[in-house]
Amino acid sequence: MISLNSADLVALFVAVAEAIEDDKGRLSELDGVIGDGDHGVTMSIGFLAVRKALDGLDAAGEAPTAVFNTAAKSFLGAVGASAGPLYATAFMRAGAAVKDKASIDAAAMADVIAAMAKGVQDRGKAESGEKTMVDAWLPAATAAQAAAGSGSLATVLQAAAVAAAEGAESTRQMVATKGRSANLGERSLGHIDPGAASTALIVATMAKAVESPAE
Amino acid sequence: MPTKKLINDPADVIEEMLEGILAAHPNHLKQLPESRRSIVAVDGPRPGKVGLVIGGGSGHEPTFLGFVGKGLADAAAIGNVFASPPPDPILECAKAASGGTGVLFMYGNYAGDVMNFDMAAEMAAMDDIDVRTVLSTDDVAIEDKARRRGVAGNFFIFKAAGAACDKMLSFDDCERIARKANDHTFTMGVALAPCSLPQTLKPNFELGPDEMEVGMGIHGEPGVFRGPMQTADAVTDQLLDRILAEMQPARGDKVAVLVNSLGATPLMELYLINRRVKQRLDDLGIAIHRTWVGNYCTSMEMAGMSITLHHLDGELTEMLEHPCDCAMFRAG
């Protein structure tokens with residue numbers, strides 16, 4: 001696959017929604033250890049709403065930006081929580097990054113990942129190393145940008161997925177200073193941040209979907 | 001083993017709860033037809049009055065919507081279980097509560113709530129509604145004041161702000177009294193057993209059979225320390241020591257007391273706790289103006305309780321005594 005049109009992008013969201021649904025139990029358990037135990041549930045409710053909203057969208061007649069904006073609006077409206085504003089902002093920024101484009105190629109996808117990372121960071125006001133989803137998004141963005149020159153969509157997303165997974169894993173060694181788990185201090189050590197874990201899952205699912213597009 | 005809950009489809013829990021609440025309290029509450037997660041006082045907002053919008057995740061009933069009514073909050077935005085509401089229902093609450101002189105947003109200090117309420121405040125500004133925010137941070141389990149959560153003390157904090165609004169005080173005064181009420185409210189809790197989300201039916205944390213966790217948050221966020229179970233008096237003393245160290249009361253000072261169940265802990269135990277609270281305060285020469293004991297800020301079926309002291313002065317006493325009439329709480 002060289003580039004994603006709006007229908008491909010909708011399929012990508014559906015794949016992510018399915019992956020979140022399959023893994024929501026693990027995400028909630030991660031959150032139960034250092035947070036309030038609702039992350040998997042929240043992500044599931046959000047992506048089910050995205051799926052439903054995208055079902056009602058005539059993708060062929062819309063640009064990728066409209067797909068991202070529909071996802072942002074439906075996710076935020078369904079969940080609130082922390083994930084709502086963070087992911088909604090990420091999707092809106094992604095939409096802005098591909099404004100006026102009919103499809104998303106390797107370079108545009110690198111921009112999408114970078115815009116999502118920046119959106120999450122701006123909304124949540126977290127920096128690297130604070131044990132949040134930023135610790136997965138920022139390395140994913142850097143890796144995607146570095147791989148953009150390859151011209152391969154799969155290479156960009158694969159690089160982002162590897163970096164996001166490593167970033168999520170790195171949160172295990174971090175002491176939380178942002179978000180609800182910040183109150184735990186040292187007790188947050190040794191546990192992966194659930195937001196970083198869901199980020200890694202999302203990027204990995206995107207990479208996999210591009211590698212073997214749904215028939 | 002999954003926990004037991006009397007629910008239907010877990011996805012419908014909030015909507016069905018709201019239906020039941022509206023059926024029980026039609027004289028107090030109404031739902032905005034276009035925004036079902038916006039619950040507004042039937043007899044609340046009026047021209048010239050500063051509006052008070054509260055809100056947050058569900059699962060803490062009667063917090064938040066139980067405190068919507070004349071003399072207290074004008075509207076509450078309702079989130080999913082333990083999750084902040086999105087900006088839209090908050091914005092609709094702000095519009096409904098607006099009497100043209102400004103709207104106060106009051107809610108607990110949690111990252112998700114702050115993001116969603118701030119987005120709603122930005123949207124309200126575009127509709128020419130002047131919004132100011134007062135976060136409640138009464139949970140003294142946390143050392144760093146900026147990071148403190150809002151828990152059961154919301155009861156006193158919202159009460160004071162609601163009274164100020166109902167007395168038609170200026171926006172500045174309503175905000176000042178709200179901040180003062182927060183600065184004068186101190187809560188600390190203990191958890192004995194977890195709760196579970198309707199969607200997972202799994203305990204949201206684990207505690208050993210003989211363990212308790214002091215300082216745990218109302219969503220099961222880990223607290224200050226875990227230790228073996230202790231007697232009612234010993235636990236009360238630990239919580240009060242921390243509260244009193246923060247409050248710095250002088251002999252002759254006056255407080256209001258809230259002994260709150262997290263859901264499963266029964267009144268019998270709460271009254272044991274309250275007995276000890278009174279003993280300790282008597283010893284210190286602190287007068288108890290009024291006491292509330294019961295379920296005011298719960299965490300579904302979590303076992304445990306919290307103690308809140310509201311450090312009164314003349315103005316806060318006047319706010320506390322001002323009448324209010326809400327679906328799940330009445331005073332004066």
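Predicted model: local features only at pLDDT ≥ 70, side-chain atom pairs only at ≥ 80, totals over all residues.
**Entry 1: Ile78 of chain B**

I started with B:Ile78, which counts as buried because it has 26 C-beta neighbours inside 10 Å, the cut-off for buried being 20 or more. B:Ile78 is found in strand β5 of chain B. I looked up its contacts, setting aside neighbours within four places in sequence, and got B:Ile14, B:Leu18, B:Arg37, B:Ile39, B:Gly55, B:Ser58, B:Leu65, B:Pro85 and B:Pro89.

**Entry 2: strand β3 and its partners**

From β5(B) I moved to the strand beside it. β3(B) and β5(B) pair in the parallel sense, with five bridges, and I found B:Val53 opposite B:Ala75 of β5(B). β3(B) also runs parallel to strand β6 (residues 103-108) of chain B, and four bridges join these two. In that pairing, B:Gly51 stands opposite B:Val103. Is strand β3 (residues 51-58) of chain B mostly covered or mostly open? I went through the residues and found it mostly covered, with eight of eight buried.

**Entry 3**

Next I looked at an open sheet of three strands in chain B, ordered β4-β14-β15, with antiparallel pairing. Its edge strands are β4 (69-70) and β15 (330-331) of chain B, each of which pairs on one side only. I counted two bridges for the antiparallel pair of β4(B) and strand β14 (residues 324-326) of chain B. One to remember: B:Gly69 has B:Cys326 of β14(B) as its bridge partner.

**Entry 4: nonpolar cores**

Which residues touch the most other members of the largest nonpolar core? I got B:Val53, B:Val68, B:Ala160 and B:Ala161, out of 101 residues in that core. The largest share comes from α4(B), which gives nine residues. Domain 1 (10-184) and domain 2 (185-320) of chain B both contribute residues, so the core lies between them.

I then took B:Ala161 by itself. Beyond its neighbours within four places in sequence, B:Ala161 is in contact with B:Leu52, B:Leu104, B:Met106, B:Val134, B:Cys174, B:Ile177, B:Ala178 and B:Ala181. There is also a second, separate core of 86 residues, and its members include A:Ala143, A:Leu153, A:Ala168 and A:Ala200.

**Entry 5: the two domains of chain B**

With the core in mind, I went back to the domains. The assignment I used divides chain B into domain 1 (10-184) and domain 2 (185-320). Their centres, taken over C-alpha atoms, are separated by 23 Å. I found 30 residues of domain 1 of chain B and 34 residues of domain 2 of chain B in the contact. On the domain 1 side, α4 and α5 of chain B each supply at least two residues, and α4(B) gives the most, with eight. By class, I sorted that side of domain 1 into 17 nonpolar, seven polar and six charged residues.

**Entry 6: helix α8**

Helix α8 (residues 314-321) of chain B has B:Leu316, B:Met319 and B:Leu320 as its buried residues. Looking down the axis of α8(B), I saw these buried residues fall within an arc of 100 degrees, so they line one face of the helix. What do they pack against? My list for chain B reads α4 (154-166), α5 (171-183), β11 (254-261) and β13 (303-312).

**Entry 7: Asp233 of chain B**

I picked B:Asp233, which is found in helix α6 (residues 232-247) of chain B. Buried or partly exposed? B:Asp233 counts as partly exposed because I get 14 C-beta neighbours inside 10 Å. I checked B:Thr308 against it: B:Asp233 and B:Thr308 are 16 Å apart in space, C-alpha to C-alpha, and 75 residues apart in sequence.

**Entry 8: where chain B meets chain A**

Last, the chain contact. I counted 27 residues of chain B in contact with 24 residues of chain A. On the chain B side, β5 (75-81), α2 (87-97) and α3 (111-126) each supply at least two residues. The largest share of that side comes from α3(B), with five residues. Sorting the chain B side by class gave me 14 nonpolar, 10 polar and three charged residues.

How values were computed:
Residues numbered from 1 in each chain as written. Chains lettered and ligands numbered in written order. Buried ≥ 20, exposed ≤ 12 C-beta atoms within 10 Å, placed from the backbone. Arc of directions from axis to C-beta. Contact = placed C-beta atoms within 7 Å. Nonpolar A, V, L, I, M, F, W, Y, C, P; charged D, E, K, R; others polar. Pairing = 2+ DSSP bridges. Core = buried A, V, L, I, M, F, W, Y, C linked by C-beta atoms within 7 Å. Domains from an automatic or database assignment.
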